[in-house]
Amino acid sequence: MLKHNKKFIIIDKLDHSSASRIATGVINPISGQRLVPNWRLNKLCPFAQKYYAEIEDNFREIFFNKLSIIKLTNNKIDLEKLKKLKVSNEYSKYLINTECRIIYDKILNSNFESSEILGSHCDTTTLLDILANEFKKNRIFKADNFYYENLILDKGKVCWKNFKASNIVFCEGPRAVNNPWFSKLPFENSKGEVLTLRLKGKKHLSIKSTLFKNGKWLMPVAEQKFMAGSTYCRDFLDNKVTNDARTEIINGVEKFCCLNFAVVLQQAAIRPTVKDHLPIIGSHKLHSQISIFNGLASKGVYFAPYCAVQLANNLIYGNSVERALDVNRFIY
Ligand SMILES: Cc1cc2nc3c(=O)[nH]c(=O)nc-3n(C[C@H](O)[C@H](O)[C@H](O)COP(=O)(O)OP(=O)(O)OC[C@H]3O[C@@H](n4cnc5c(N)ncnc54)[C@H](O)[C@@H]3O)c2cc1C
């Protein structure tokens, strides 16, 4: 919208435990338990990289970096899949074509084969802070709690407090389940927890831009500091941390890692997810002045740039949103 010189205002209650602030910020191109390439990988991956690089250039800040994802497995099916991907025309560029050398023997148990996937990491907190500061500076940011009952629909426009606009876009994450216009969408939100760990003892490890993964994952973030995660829970959709999740993550990491850690922080947030695990963007079928930007699930960093451009082009130029991402692929 900014690029197109369109006037807008952002209303945000500045929830510091939102998924975007807790998120690890990883783009893993070959992800999930089934090790499938991400949706439209060869289009969206370079798209996201270019998008974040532009913001970095504009603000002279660095928050987006390459990340080497070391996939550890002994599962024959997984190994076969990785082997096929490594020689495929479409996806080989996301995998290092040699068996990944175990140079991490100070960290990893030796009982896994390892493959290296080329991913990226976005420091989402830095990105959000840069953008929020810019929006505040331009007086287009209003820190406020938005209540649906204060929105008035009037002759194809929307009014909220003393603002009038041709469109409102709800980018409210998991809270969309309560949105009176969109609550019937097939939401399947999931809670996730992550840990911040400190290395016990005096070992000095300087590993940069690497994430180790075998079900659970471990990512060094500073000399003695690591992040580890995560969990998926659909039963309790709140921001409270749990002992069960902590144990699940620690046990998962101990399967492949031989270091000892102390937990210094545990965080929880909800991933806004819909049934088919693709984002939902576009305007309401009956009230075209109301739109949604949601369903980023566990791939917000990957999907957000592409979806933002799709939705902006839809709202400004009337270009249609891709069917696979369009909110109106669902009956609601
Ligand atoms: C543990 C965990 C790890 C994750 N790791 C990754 C990862 O490595 N890579 C990745 O790509 N994704 C990851 N994700 C997913 C990612 O966090 C989400 O896809 C993304 O953050 C969703 O963004 P969102 O803006 O839709 O929702 P949110 O981040 O939840 O943002 C919602 C916004 O709406 C505002 N809001 C809500 N209600 C109101 C209201 N009433 N009034 C005003 N403002 C309101 C909030 O303040 C907030 O700013 C992870 C998620 C979790 C939970």
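The model is a predicted one. An open sheet of eight strands runs in the order E2-E6-E5-E13-E14-E15-E12-E16, and its pairing is mixed. Strand E2 (26-27) and E16 are the edge strands; each has a single partner, so one side of each lacks a neighbour in the sheet. Within this sheet, strand E5 (residues 64-73) pairs with strand E6 (residues 113-122) in the antiparallel sense over 10 bridges. Lys66 has Ser120 in E6 as its bridge partner.

There is also an open sheet of three strands, ordered E8-E9-E10, with antiparallel pairing. Its edges are strand E8 (151-154) and E10, and because each has a single partner strand, one side of each is left without a neighbour in the sheet. Ignoring direction, neighbouring strands here are turned by 20° against each other on average. The antiparallel pairing of E8 and E9 extends over four bridges, and Ile152 stands opposite Cys159 in E9.

Turn next to the ligand. Around the ligand there are 35 residues, of which Ser20, Ala23, Gly173, Gly192 and Gly300 come nearest. By class, the shell holds 16 nonpolar, 12 polar and seven charged residues. Which elements each supply at least two residues of this shell? They are strand E1 (10-12), helix H1 (19-22), strand E12 (190-199), strand E16 (261-271) and H6. In terms of domains, at least three shell residues come from domain 1 (10-17 + 126-187 + 275-329), and at least three from domain 3 (190-271).

Strand E1 contains Asp12. Asp12 counts as partly exposed because 17 other C-beta atoms lie within 10 Å. Along the chain Asp12 and Ala132 are 120 residues apart, while their C-alpha atoms are separated by 9.9 Å.

Helix H6 covers residues 300-317. At 1.5 Å a residue its 18 residues should span 26 Å, and the end C-alpha atoms are 25 Å apart, so the two values agree. An α-helix has 3.6 residues a turn, so residues three or four places apart point the same way. Just after the helix, Gly318 takes a positive phi of about 75°.

Some backbone details remain. Most residues other than glycine have a negative phi, and most peptide bonds are trans. Against that background, Arg139 has a positive phi of about 55° although it is not a glycine. Arg139 sits in the loop between helix H4 (124-137) and strand E7 (141-143). Is Arg139 buried or exposed? With 8 C-beta neighbours inside 10 Å, Arg139 counts as exposed.

Lys161, likewise not a glycine, has a positive phi of about 50°. Its place is the loop between strand E9 (157-160) and strand E10 (163-165), two strands of the three-stranded sheet. Lys161 is exposed because 12 other C-beta atoms lie within 10 Å.

Finally, Gly229 and Ser230 are joined by a cis peptide bond, with omega about -25°. Ser230 belongs to the loop between strand E15 (225-229) and helix H5 (243-256), and E15 is one of the strands of the eight-stranded sheet.

Methods. Residues numbered from 1 in each chain as written. Predicted model: local features only at pLDDT ≥ 70, side-chain atom pairs only at ≥ 80, totals over all residues. Expected span 1.5 Å × (residues − 1). Near = placed C-beta within 6 Å. Nonpolar A, V, L, I, M, F, W, Y, C, P; charged D, E, K, R; others polar. Domains from an automatic or database assignment. Buried ≥ 20, exposed ≤ 12 C-beta atoms within 10 Å, placed from the backbone. Pairing = 2+ DSSP bridges. Axes fitted to C-alpha atoms, helices over the stretch in contact; angles between N-to-C directions.
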